[in-house]
Protein chains: 2
Amino acid sequence: THIKSGAEDFLLRLEPPPLPRTEAVIEYTNGMFIWQPASSVIQCRISSFHKDSKMKGMKSFIAYQLTSQLVPSHVNRRYKHFDWLHARLLSKYPCACIPPLPEKAITGRYDDDFVDERRKGLQQWLDRMCRHPIVSQCDVLRHFLSCTDGKRWKQGKREAETDRLQGIRYYYAVVSKEPLQKEDYSTAQAEGTEKFAIELERGVRALSDTINDFHRKLSTNTRKDFISLSGAFYGMCRALDGDTHSKHLNSHLYAALSNVGETFKSISLCHAVESESFVQLNECLREYVRLLSTLPPVVSLGKSACLTADEVRRLLSEEKLSKQDASNILSGSSVITRALQAECNFVVSQLRQELLERIKAYLTDRANFYRQLAAQLDSVASVF
Amino acid sequence: THIKSGAEDFLLRLEPPPLPRTEAVIEYTNGMFIWQPASSVIQCRISSFHKDSKMKGMKSFIAYQLTSQLVPSHVNRRYKHFDWLHARLLSKYPCACIPPLPEKAITGRYDDDFVDERRKGLQQWLDRMCRHPIVSQCDVLRHFLSCTDGKRWKQGKREAETDRLQGIRYYYAVVSKEPLQKEDYSTAQAEGTEKFAIELERGVRALSDTINDFHRKLSTNTRKDFISLSGAFYGMCRALDGDTHSKHLNSHLYAALSNVGETFKSISLCHAVESESFVQLNECLREYVRLLSTLPPVVSLGKSACLTADEVRRLLSEEKLSKQDASNILSGSSVITRALQAECNFVVSQLRQELLERIKAYLTDRANFYRQLAAQLDSVASVF
């Protein structure tokens with residue numbers, strides 16, 4: 001046949017698995033394809049980390065201690081284990097957004113602040129994986145989170161690496177019971193989604209950059225402006241201090257100006273403080289930039305499936321393909337495009353909820369910030 | 001004698017006026033020399049202006065209409081009349097701060113905005129003169145504010161220009177009844193005052209420059225920052241608009257983000273508005289910069305008088321000067337230094353009161369500004 005989409009192995013059902021196995025179910029609700037929600041959610045916490053070594057201290061590394069409901073105690077994992085897990089998930093799920101890990105440390109950079117920063121990044125990544133309805137259910141993640149035995153660990157690793165249901169073959173394990181429609185998902189729709197994924201990533205990135213820039217300026221330029229204001233009022237105090245005749249009458253003005261100097265100094269310090277809500281909103285946005293940057297390849301695969309479906313329909317109309325073969329391929333194609341829709345919808349639903357939450361907190365916090373400035377200014381105005 | 005201070009004419013009483021005349025009284029209250037307050041305060045208003053011409057329209061000019069309690073109707077004055085009055089006051093009062101007039105218009109610049117701006121400047125200048133306890137009482141100002149008759153106008157002008165009690169001779173008309181102390185005012189005190197006058201002018205100038213700079217940045221940089229924020233939120237809306245699957249679920253987030261965009265736009269506009277209290281504080285500070293820049297020459301004359309007094313005391317101790325001559329000169333010197341103190345105290349007392357008032361209004365206004373931002377942010381946070 002003429003079908004070339006990178007998905008042939010699955011679409012043409014060249015080597016179906018000997019025993020059918022379901023790893024993901026796509027539901028159809030309110031006109032949308034969505035992943036079936038996970039029956040249980042894993043709560044995992046990187047509770048601590050410590051420096052460890054092996055080969056008689058020749059090789060030192062950071063061990064992160066992970067706790068979850070999957071084990072009574074905890075497991076220790078190194079960055080390289082995370083790296084391995086990340087690679088496994090990437091290989092296994094062509095239909096899921098697997099965000100990149102935080103950057104690996106430059107060798108030997110073991111100071112606590114840096115490691116703690118990376119711990120936060122790894123925690124964020126793990127949380128994202130544990131919240132994913134499909135990824136969170138997979139053996140390899142559970143193995144990573146729970147295995148404490150060295151022998152079983154190696155065995156689990158080997159099993160994951162030889163998993164027959166990974167990459168394009170993963171779709172053999174995806175089930176969608178909704179009957180096939182005439183044109184389940186058009187190439188135009190896939191292209192629209194492709195564009196949407198790019199635009200959304202750009203939008204989130206621009207928002208993050210803009211808010212970052214805004215806060216950078218607040219803590220540099222604006223802070224300095226208030227320091228200048230403070231200095232100018234203190235300068236007036238110093239000048240009044242030189243009054244040779246009526247200094248005793250200046251004490252009220254002097255105190256008032258000095259209070260203003262103090263207030264503007266305090267306001268400048270308020271601008272130096274990084275607000276928690278800004279940090280959280282920004283981390284959320286940065287995470288979505290990383291997450292959304294993994295969406296285009298997922299969409300791209302769906303678009304390939306659409307193009308294949310177009311081709312199949314053409315071949316069918318020209319009677320160059322049997323009805324059975326065409327039906328099989330169209331059905332396979334729809335699994336891919338429905339998985340794409342489910343993943344898209346999942347990512348956007350998460351973004352929707354988290355963005356609403358973070359932005360609301362941020363705006364409330366900004367309002368409090370300005371109210372605090374107002375209160376300080378009112379308070380100093382009242383001494384005049 | 002060796003006395004050289006620019007004040008010889010008065011200190012040596014070379015040509016005392018034939019008839020004594022009192023134009024200013026210095027009181028001694030709470031250890032301070034102050035001008036006797038004026039018995040009546042002139043309220044003068046430049047109520048309007050119009051373009052006028054003479055010599056059959058060959059020469060056009062702006063006529064300002066001045067109303068005050070001195071005339072039942074009004075008088076018309078041109079800028080050149082103000083200029084003349086200003087020169088007269090400068091000549092007459094070596095002991096008073098006569099601020100410069102607002103700049104003369106470039107010939108032919110008669111557009112209403114410009115003329116109205118100058119009207120405000122002239123009004124401010126007139127107010128300052130009318131509030132001065134000594135200057136406000138002088139014939140030339142009253143003549144300027146009240147004379148409507150052309151013939152009397154010329155006569156009054158001539159009288160003012162030939163006034164025998166002007167410049168250093170003005171001190172013949174200044175009375176201070178407080179007995180002379182051993183060292184009424186020391187050279188060191190005069191030098192302290194000299195320094196104070198300069199430092200105060202610098203302080204006020206720096207405050208004005210700093211606040212100006214701050215507000216310039218608010219209306220440019222900060223305004224633009226909020227436009228960027230607004231744009232970034234609108235950008236997110238546009239991106240969400242491209243959602244191919246779950247657009248109907250985005251309407252809440254879309255509306256919220258769009259509201260934030262709207263709010264930040266509105267906040268950016270708030271930053272474009274020049275606040276009245278800032279304008280008034282700034283005008284007040286700029287006026288004091290001009291007023292205080294006229295203080296050093298006044299102080300300088302007082303310092304000369306101190307140096308003369310030092311010299312006289314030395315000559316007296318060396319018995320090179322008669323007790324009577326020394327007493328006369330020291331008495332004259334004290335009139336000059338007491339006038340200097342009275343003027344300094346008057347200027348600082350005005351500054352004290354006006355600054356307190358303006359800064360309080362400014363701070364209250366800034367507090368309201370920030371409270372307004374807070375209210376807008378709270379309001380938009382509530383739609384999330």
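These questions and answers cover the domains of chain A and the pairing of chains A and B in a predicted model.

Residues are numbered from 1 along each chain as its sequence is written, and chains are lettered from A, ligands from 1, in the order in which they are written. In this predicted model local features need pLDDT of at least 70, side-chain atom pairs count only at pLDDT 80 or more, and totals for chains, interfaces and linings use all residues; side-chain values use heavy atoms, leaving out hydrogens and water.

Reader: How many Å apart do the C-alpha centres of domain 1 and domain 2 of chain A lie?
Author: Domain bounds come from an automatic or database domain assignment. Domain 1 of chain A covers 23–178, and domain 2 covers 186–384. The distance between their C-alpha centres is 28 Å.

Reader: Which residues of domain 1 of chain A lose the most area to domain 2 of chain A?
Author: Buried area is the accessible area (1.4 Å probe) that two parts lose on being put together, summed over both. Between domain 1 and domain 2 of chain A about 2,100 Å² is buried, with 60% from carbon and sulfur atoms. Three residues together give 32% of what the domain 1 side buries: A:Phe33, A:Cys97 and A:Arg128.

Reader: Which residue forms a salt bridge with A:Arg128?
Author: A salt bridge is a side-chain nitrogen of Lys or Arg within 4 Å of a carboxyl oxygen of Asp or Glu. The rule finds three salt bridges across the interface of domain 1 and domain 2 of chain A. In the bridge of A:Arg128, the closest N and O atoms are 2.8 Å apart, and the partner is A:Glu287.

Reader: Which element gives the largest share of the side of domain 1 of chain A that touches domain 2 of chain A?
Author: Helices (H or I, at least four residues) and strands (E, at least two) are DSSP runs, numbered from the N terminus. β2 (32–35), α3 (112–131) and β6 (174–176) of chain A each supply at least two residues of that side. The largest share is four residues, from β2(A).

Reader: Why does the pair A:Arg131 and A:Glu354 tie together parts of chain A, and how many residues apart are they in sequence?
Author: The side chains of A:Arg131 and A:Glu354 meet in a salt bridge, at 3.9 Å from N to O. A:Arg131 lies in helix α3 and A:Glu354 in helix α10 of chain A, so the pair ties together parts whose separation in sequence is 223 residues.

Reader: Which helix of chain A gives the largest share of the side that touches chain B?
Author: Contact means heavy atoms within 4.5 Å. By that rule, 64 residues of chain A are in contact with 64 residues of chain B. The four salt bridges between the chains include B:Asp225 with A:Lys217. α6 (187–241), α7 (251–272) and α10 (323–381) of chain A each supply at least two residues, and the largest share, 23 residues, comes from α6(A).

Reader: How much area do chain A and chain B bury between them?
Author: Carbon and sulfur atoms carry 75% of the buried area. The total for chain A and chain B is about 5,600 Å².

Reader: What kind of axis relates the two copies?
Author: Copies are superposed by least squares on the C-alpha atoms of residues with pLDDT of at least 70 in both. A rotation of 180 degrees with 0.0 Å of shift along its axis superposes chain A on chain B, with RMSD 0.1 Å. The copies are thus related as by a two-fold rotation axis.
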